[in-house]
Amino acid sequence: PRTVYLRDYTPPAYLVEEVRLTFRLAPHATRVLSEIRFRPNPDATGREFFLHGEQLKLISAHVDGAPVTPELVEGGLRLDAPDAPFTFAAEVEIDPENNTALEGLYRSNGMYCTQCEAEGFRKITFYPDRPDVMAPFHVRIESDQPVLLSNGNPGASGEGFAEWHDPWPKPAYLFALVAGDLVAHSDSFTTMSGREVALNLWVREADIDKCAFGMEALKKSMKWDEEVYGREYDLDVFNIVAVDDFNMGAMENKGLNIFNSSAVLASPATATDADFERIEAIIAHEYFHNWTGNRVTCRDWFQLCLKEGLTVFRDQQFTGDMRSHAVKRIGDAMLLRSAQFREDNGPLAHPVRPESFVEINNFYTVTVYEKGAELVGMLRRLVGEEGYRKALDLYFERHDGQAVTIEDWLRAFEDATGRDLSQFARWYSQAGTPRVHVAEDWSDGRYTLTLRQETPPSPDQPEKQPVVIPVAVGLLNPNGDEVVPTQVLELTEAEQSFAFDGLLARPVPSILRGFSAPVILKQEQSDETRAFLLAHDTDPFNKWEAGRVLARTGLMAMVLDGDGPHAGYIDALGRGIADESLDPAFRAQLLALPGEDELAQAIFETGQAPDPTAIHEAREALRRAISARLDDVLIRLYEAHQVSGPYSPEAEDAGRRALTNAALSLLSLTEGGDRARAQFQAADNMTQQIAALGTLLTIGEGEAELKAFEDQWRHERLVMNKWFGLQVAAARPEAAADTAEALTRHPAFDWKNPNRFRAVFGALAGNAAGFHHPSGAGYRLLADWLLKLDPLNPQTTARMTQAFSTWRRYAPERQALIRAELERIAGTERLSRDTSEMVGRMLA
Ligand code: DPP
Ligand code: ZN
């Protein structure tokens with residue numbers, strides 16, 4: 001397979017003025033008629049006329065009405081084209097029913113739908129399928145399906161057909177079409193300039209009771225983008241469609257967002273608080289793409305973070321505004337550390353703007369998305385709130401209707417604020433997580449912080465340059481008062497000192513407040529200082545962080561030195577969770593111990609091979625010790641914070657449930673399952689029900705409840721995903737692979753549905769001690785199923801190979817077991833390009 005390089009970019013030879021498409025839908029033989037008006041690109045370097053096309057049967061082709069016979073080549077067609085404007089017309093045939101890759105036009109439960117990002121449009125018709133070719137689209141759909149949708153505004157419609165017109169020039173990856181037996185939950189929104197927009201959420205009839213929350217989230221998002229970014233919606237209608245079979249979360253197609261049903265459908269009985277929050281964020285994310293992605297798009301796929309990093313940052317801001325900034329920031333930091341740091345410090349590390357790829361679908365990663373969002377956050381911190389808004393205004397004004405690059409993005413900041421960002425640009429090209437080492441000095445009333453940065457080598461990047469790191473710092477007096485409020489130190493050199501004068505006593509520093517940069521802080525600190533910060537820090541992130549570091553260092557001492565649980569940590573934790581001045585959601589986060597994979601990485605960083613079994617046992621021992629020592633506090637919390645009244649997914653009630661459910665899970669370790677059983681019986685919402693069930697399964701009980709849950713929910717696909725996943729997640733290490741294997745034989749295990757496949761195998765990969773059990777059964781089972789899925793759905797397969805990416809951390813026996821599975825996958829004939837790139841990188 002061919003590797004594509006950023007440095008090889010050349011402008012398209014021809015641009016598209018206008019596209020007309022007619023779809024004659026049929027399950028196995030859909031006909032797509034295209035009429036595309038081309039003109040030579042004055043900025044092009046060549047005149048070769050090439051159209052992408054894959055898995056298309058070409059029926060006929062015409063240039064300006066005259067039949068032509070294009071040369072069919074790998075990945076598309078070539079033609080001798082006029083060096084002047086002309087119209088290319090083609091008729092092709094495609095087979096949506098057999099499209100199991102869920103890319104292009106496919107069928108899900110009988111409904112027709114599309115997924116074109118990144119390079120799926122070429123499976124629909126011949127086209128210059130690259131984001132720097134933008135055009136207005138006219139679409140006509142002919143089908144007997146009752147609902148026929150495409151991008152833009154509706155045009156003529158009648159018995160068996162509908163027409164759509166999208167006036168906004170767009171790249172083909174934003175094309176969408178839906179045809180199915182759907183019903184709408186409808187509403188409307190009046191924009192800031194007074195235009196009325198019709199809003200529809202299209203679902204199968206059985207799901208119409210799960211739309212209200214998503215619709216509210218959409219309206220909030222539209223309002224928020226007007227208020228915070230001055231961005232107004234630009235069509236007469238906005239449609240969202242829920243689809244069961246979908247590789248990703250959702251897709252921002254212009255005016256017709258298509259959602260994985262798990263990312264939009266929610267009712268109190270079927271969705272958890274976490275689902276509601278996630279749905280609100282994804283609706284916002286896709287809606288925000290209308291400006292950051294659609295109106296201003298990417299020149300090429302290397303610039304993916306231009307739209308994704310920025311749009312994730314925007315959805316993070318939105319969630320913070322709707323809920324709690326502190327709680328959101330902590331959640332985002334946990335995700336970054338558990339998933340992005342893991343990627344950034346292993347064989348799959350790549351820059352936020354990668355420089356090469358084989359299959360672009362493999363680069364929709366936590367690095368591009370989440371680290372990409374961190375870069376936007378750092379820019380905002382460096383230029384300030386006002387500078388940020390000015391830069392964004394300039395960016396939209398300058399680039400509306402264009403396909404642009406990270407250079408254009410940074411230039412808007414430079415021109416709007418006068419700040420030189422040439423060093424900052426390294427964040428986009430250098431992979432790996434910077435380490436920031438802290439040294440302190442106190443003499444003659446002067447306190448000096450010396451910060452040193454280094455970034456370890458990553459694939460293809462042995463040497464790293466210093467980056468610009470905004471380090472937010474505050475200083476506390478020994479009595480707990482803040483003496484120096486938060487200020488941002490800009491670390492630009494490899495090593496730099498910052499002095500603070502006029503202090504009466506040696507202060508306690510609170511460094512990297514708000515997690516002001518995506519780095520690993522290396523700081524010598526006593527447990528007493530950490531407990532002090534947990535009690536006194538005014539920055540909520542660092543208050544939480546102090547507890548987190550205490551937990552992590554204590555757990556590492558348990559694993560590596562055979563220590564028992566640290567009573568000092570447990571007592572500090574007990575004071576934190578009992579502090580009624582703190583938000584319950586925040587206290588729930590205090591109670592969340594570092595995950596097993598995070599501990600494995602931390603142990604690996606000390607130069608030792610982590611043992612997942614020992615880590616699991618230590619973590620369980622600490623949980624039992626917390627349960628035993630804090631049972632009074634936990635019982636009080638559980639009882640005092642129960643939510644009464646009807647269920648609401650709003651942050652306040654959700655926070656109380658998060659706290660009581662965290663308490664329940666710990667309490668059950670010493671009390672047994674009665675409390676959880678009672679909660680399961682009484683639950684009138686999914687959050688309470690599934691938390692109780694999870695608690696029971698974790699302590700080896702809950703068989704009856706598991707059965708009752710299945711009987712109650714067997715007709716709800718989204719709920720059954722939880723039922724599948726929970727059993728694997730809660731399984732004891734030695735039983736995890738068997739549990740997963742048994743579930744694959746359950747009649748409802750529909751392995752071709754990505755959500756169901758991920759429910760079982762994502763949970764297996766997430767059960768660290770189970771997946772890494774020394775028998776190797778977890779590795780084998782996952783590899784077997786990935787090999788089974790690969791010929792059908794390469795994209796989901798490739799993504800899930802990441803479970804193996806940490807293999808070099810482990811001791812030789814485990815490494816050998818994982819390597820054998822990776823090599824077995826790599827050696828399989830006709831492996832997809834997606835999967836082969838991933839395992840190749842992991843084995844390199
Ligand atoms: N562009 C989608 C999203 O991130 C993913 N394909 O919203
Ligand atoms: Zn996105």
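1. The protein chain has a mean pLDDT of 98, and 100% of its residues reach 70 or more; pLDDT is the predictor's confidence in each residue, from 0 to 100. For the complex, the predictor gives an ipTM of 0.97 and a pTM of 0.99.

2. This is a predicted model, in which local features need pLDDT of at least 70 and side-chain atom pairs count only at pLDDT 80 or more, while totals for chains, interfaces and linings use all residues. Residues are numbered from 1 along each chain as its sequence is written, and chains are lettered from A and ligands numbered from 1 in the order in which they are written.

3. The chain divides into domain 1 (19–35 + 51–60 + 87–273), domain 2 (298–429), domain 3 (442–523) and domain 4 (714–844), with bounds from an automatic or database domain assignment.

4. Between the C-alpha centres of domain 2 and domain 4 there are 30 Å. Their contact takes 8 residues from domain 2 and 12 residues from domain 4 (contact: C-beta atoms, placed from the backbone, within 7 Å).

5. Ligand 1 is surrounded by Glu117, Met248, Ala250, Met251, Glu252, His285, Glu286, His289 and Glu308 (C-beta atom, placed from the backbone, within 6 Å of the ligand). Strand 20 (250–251) and helix 2 (273–288) each give two or more residues to this shell; helices (H or I, at least four residues) and strands (E, at least two) are DSSP runs, numbered from the N terminus.

6. UniProt, in an unreviewed entry, places "domain: Peptidase M1 alanyl aminopeptidase Ig-like fold" at residues 432–523; such annotations may be inferred rather than shown by experiment. Residues 432–523 are 0% helix and 53% strand, with end C-alpha atoms 19 Å apart.

Technical notes. Two residues are in contact if their C-beta atoms, placed from the backbone, lie within 7 Å.
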